Amino acid sequence: MKKLKNHIYRNICSILSSAEKSYKSAQNVVLFSRILSTYPASDNIYYLTSHRIISYLERNITSINLMVDIMKNEGEDQDIIDTLKLLNEKPTISSEAEVSSFCIILSDYLKFANIIKAKNSFIKSLDFDEDDDVNIKEKCDTAYELANSIVSAYNAANITATQHSFDSDDKESMKNIIAKTKDARDPNKIILTSFKGLNTILSPGYCAGSIYTFTAVPGNYKSGILLQSHVDACRVNKHIVRALAPKRPISMYISMENSMTQTIRRLWSILFPNADMAMYSVDEIVDMINTELESGGFRSVILYYGYREKSTSDIANIIRSYNNEKNEVVALFFDYIKRVRPARTDAAATSSEKAELNAIMNEFKAMAIHFNIAIITAHQQNRQTEAALEAIRHSGGYDKTDQGLQRSGIGSAYEVLEVSDWLGILNIENHPDNKYLVIKSVKQREKESSPDSNINGIRQPFMSPESFALRPDISENVPLFIPIYNGIQHSNYVAAV
């Protein structure tokens, strides 16, 4: 155990000594601090150095060079300074993936700390001769009490892990939750789209651990926005690639609505809106698609399954099958929730379509948290929305259909809105000279405060009135979207398109 502790302390010290700030997230630093206090070793140089580095980080001193200078001025032990400098130059852990894997191991050490501490006493209590009838009952009682303490510690560990308790009598647990909250919107973990306006209303993009739902009446780009966002994840998120290295991030698109051939035709239309697939060979098409999808360092996985062929637990197992030492799924684009079965098979989850959708949404939410990924899916709007849109169009308000996109039109189950962290409604508007996709945000759990926080929707132009592809603007100096504001809209501005 002593040898193992030395290995753990060295790796903690290596991470804390790194110049890479992302390794020292608030959550990781709290985890390291809890490990040091739970398993103290005041005679270990890595343990001592880690303690000193954490004391500086708690004072918002993050520069390693500045730490060294202050340590020298304050007469710090030279062994600590030398250890810090050595691990800064020659780290034992040197990638985000290694840090992540190591922190998972440390979390288990914390989770089962009380069991580990009770282990030796329990083993010792079993070491008695059952033929010796002197104090046999006392010895059995001792073994029983220690066994019970281990069971209680195990149950308590699992309850704490499941509920993520925030108890004012447990400051260490509170620190962990606060740190996780601070890190939740780390820019290195946000998946962006190629549309400035959509990123604005997502505020600021797709976040891990959250579920996003696009709703629309049939034929209004639900599958399109999911596929477009999948393409964007692959193309414009190199910060995710750097943060996850050496693992390769996977953007996964699963369709249970459109066939694989339909999906690939749409994919081609998004990637190459002005090219005819018939003009290229199969090999050329494969190379062209791979070049586009792999340009940002992501791996693209597109899967198709038939209607209700899979359950949410099957989807979770599919994600597990792709997660390994080289790859990790960071986003799931799922088309769409009405086509999958719930994992639960009890009557409460299968008695009606409404009950099933409620179960499916809650299972997807649990999946997003478990895998720490963003899940982006879609659902139908009902006939009420269709009727409202028709009335607006018939009255000549082709550019006012956002007024008909309301939460009350969510089909089948209001629980879809309830469970979603963000929900938006889509509609295609055919203007005289262009075609726009209206995206209106109607539910958001968290929203960043910004000059654009009064924008609750956008009109994003398509490449042309006949195109399936939207016009991206993330690399443009001037955004191409027309904003839709909360309250009274005074003016709109859109660049020439």
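Predicted model: local features only at pLDDT ≥ 70, side-chain atom pairs only at ≥ 80, totals over all residues.
Residues are numbered from 1 along each chain as its sequence is written, and side-chain values use heavy atoms, with hydrogens and water left out.

Moving inward, 47% of the 497 residues are buried, meaning under 20% relative accessible area with a 1.4 Å probe, protein chains only. Take the contacts (heavy atoms within 4.5 Å) between residues at least 6 apart in sequence: 70% of them join residues at least 24 apart.

Now for the fold itself. You will find 19 helices and nine strands, which are DSSP runs (H or I, at least four residues, for helices; E, at least two, for strands). The nine strands form an open sheet of mixed pairing, in the order β3-β2-β4-β5-β1-β6-β7-β8-β9; strands pair if DSSP finds at least two bridges between them. Because β3 (299-304) and β9 (482-485) stand at the edges with a single partner strand each, one side of each has no neighbour in the sheet. From one strand to the next, the twist averages 20°.

Let's look at the β3 end. Strand β2 (residues 248-255) runs parallel to β3, joined by six bridges, and serine 255 has tyrosine 304 as its bridge partner in β3. Helix α13 (residues 260-271) packs on the sheet here, touching β2 and β3, and its direction makes about 145° with that of β3 (axes are lines fitted to C-alpha atoms, for helices over the stretch in contact, with angles from 0 to 180 degrees between N-to-C directions).

Notes. Buried < 20%, exposed > 50% of the residue type's maximum accessible area, 1.4 Å probe, protein only.
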